[in-house]
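Please read them beside the sequence and the coordinates.

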Amino acid sequence: MGLGLASLPTPCLLLDEARMLHNIERLRTRLPASVQLRPHLKTAKSPPIAHLLMTSPSGPATVSTLREAEYFAACGVRDILYAVGLTQAKLDRVQALRAAGVDLSVVADNLEIARAIAASSRSSGRIIPALIEVDCDNHRAGVDPQDGAALIEIGRALNTGAELRGVMVHAGSSYGSRSIADIEAIAELERGAAVSSAQTLRSAGLPCPVVSVGSTPTALFGKDFNGVTEVRAGVYVFFDLVMAGLQVCSISDIALSVLSTIIDVQPSKGRAIIDAGWMAMSRDRGTSSQSVDQGYGVVCTAQGNPYLDLLMTEANQEHGVISLRPGSKQRLPELRVGEQVRILPNHACATSAQHDNYHVVNGTPPRVLAVWPRIRGW
């Protein structure tokens, strides 16, 4: 397309192509050959990006909603893990995808849903593969890896009608780590929980071909993948300020930003107003618990260069306030009404979810190469 940023309506979502491709290659080249990458498409939710992430046009892939599974299946993806606990009411949609030739697997972490998955498999004659979700760090959902009896009971329930495909673990606590050493330790905790749970099932005579782990921090900094068959990660494709705060990436690696226009400058108040509020950025304040609080996002020039200590400090629905970081000794830059700025997000998934398209940019000055769609919904 080759258009400059001045031609774009604001607010809109920008995607730096060169940074994105660098981020994708970084994870792809660090995993051992014995471990399959099953990228999580919940961050991008866009077919062109999915095809850059996956090892083939048909997958493998991870999703977090059935809407994603249905959408990417329509785009030709055939190997999909739906990695969120499902309700019985969603089993008909799972079966419809299976009937259409999609190898869609699901997860279970309790006996009730395991029995429902098996019952649906028996009644339809179409076997649903399922992984048992294991909780390695008391972060969210999953079976306690120390509770061998529960693992075996759920495994046996799945194996009487459905297909017990393996175990999956997500080290969500890695997002609260304070150092790379912390992430490395959590990665080993994640691996250990997955591998030991798989061994529990196998010792009971149950199959466990898949041992799935994953989060962006542990995928990038795990030292040992022995016993693991696949890794899932998603936000690494864009990165964000939370990941930068964890030292997982640098601010210069963040590929996603929101282009906005200054609609008022108020020097006496030490601030300017932009046309991007929380409807454009989301209300995610993920850096507020980190050592450096980045407000609602770091403010950059239209070229993508961060201003020193300039943040989006307040967010109304369609108005954003940009001002200096509290305690800063800097002076407010000379900003002008009509000037464009870019805001780096705290959480790439949450910010991109506010938009229908990515404006893919590259070069200096940035030019728009393409507009890529993204989906929403459940």
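1. Asp309 lies in strand S14, residues 306-315. Its phi is positive, near 65°, although the residue is not a glycine. In this predicted model, Asp309 has a relative accessible area of 22% and is therefore partly exposed.

2. Lys45 likewise has a positive phi without being glycine, here near 50°. The residue sits in the loop between strand S3 (36-37) and H2. With a relative accessibility of 13%, under the 20% limit, Lys45 counts as buried.

3. One joins Gly59 and Pro60, with omega about 0°; Pro60 belongs to the loop between H2 and S4. Another runs from Thr364 to Pro365, with omega near 0°, and Pro365 is placed in the loop between strand S17 (357-362) and S18.

4. How do helices H3 and H4 cross? The axes of H3 (residues 66-74) and H4 (residues 91-99) come within 11 Å, at a crossing angle of roughly 15°. This angle is under 35 degrees, so the two helices are roughly parallel to each other. The crossing of H3 past H4 is left-handed. H3 contributes Leu66, Arg67, Ala69, Glu70 and Ala73 to the contact, while H4 contributes Arg93, Val94 and Leu97. By class, five of these residues are nonpolar and three are charged, with no polar residue.

5. After H3 comes Gly76, with a positive phi near 105°.

6. Which members of the largest nonpolar core touch the most other members? They are Leu15, Ile49, Ile117 and Phe238, in a core of 117 residues. Helix H7 (residues 180-203) supplies the largest share of this core, seven residues. A second, separate core has eight residues, including Leu14, Leu259, Ala302 and Val361.

7. Phe238 deserves a separate look. Setting aside neighbours within four places in sequence, its contacts include Leu15, Met20 and Ile49, as well as Asn23, Thr43 and Ala44. Also in contact with Phe238 are Asp253, Ile254, Ala255 and Leu256, together with Ala348 and Tyr358.

Conventions: Residues numbered from 1 in each chain as written. Predicted model: local features only at pLDDT ≥ 70, side-chain atom pairs only at ≥ 80, totals over all residues. Heavy atoms only, no water. Axes fitted to C-alpha atoms, helices over the stretch in contact; angles between N-to-C directions. Helix = DSSP H or I, 4+ residues; strand = E, 2+ residues; numbered from the N terminus. Parallel < 35°, antiparallel > 145°, perpendicular 65-115°, else oblique. Left-handed = near helix turned anticlockwise from the far one by under 90°. Contact = heavy atoms within 4.5 Å. Nonpolar A, V, L, I, M, F, W, Y, C, P; charged D, E, K, R; others polar. Core = buried A, V, L, I, M, F, W, Y, C linked by side-chain atoms within 4.5 Å. Buried < 20%, exposed > 50% of the residue type's maximum accessible area, 1.4 Å probe, protein only.
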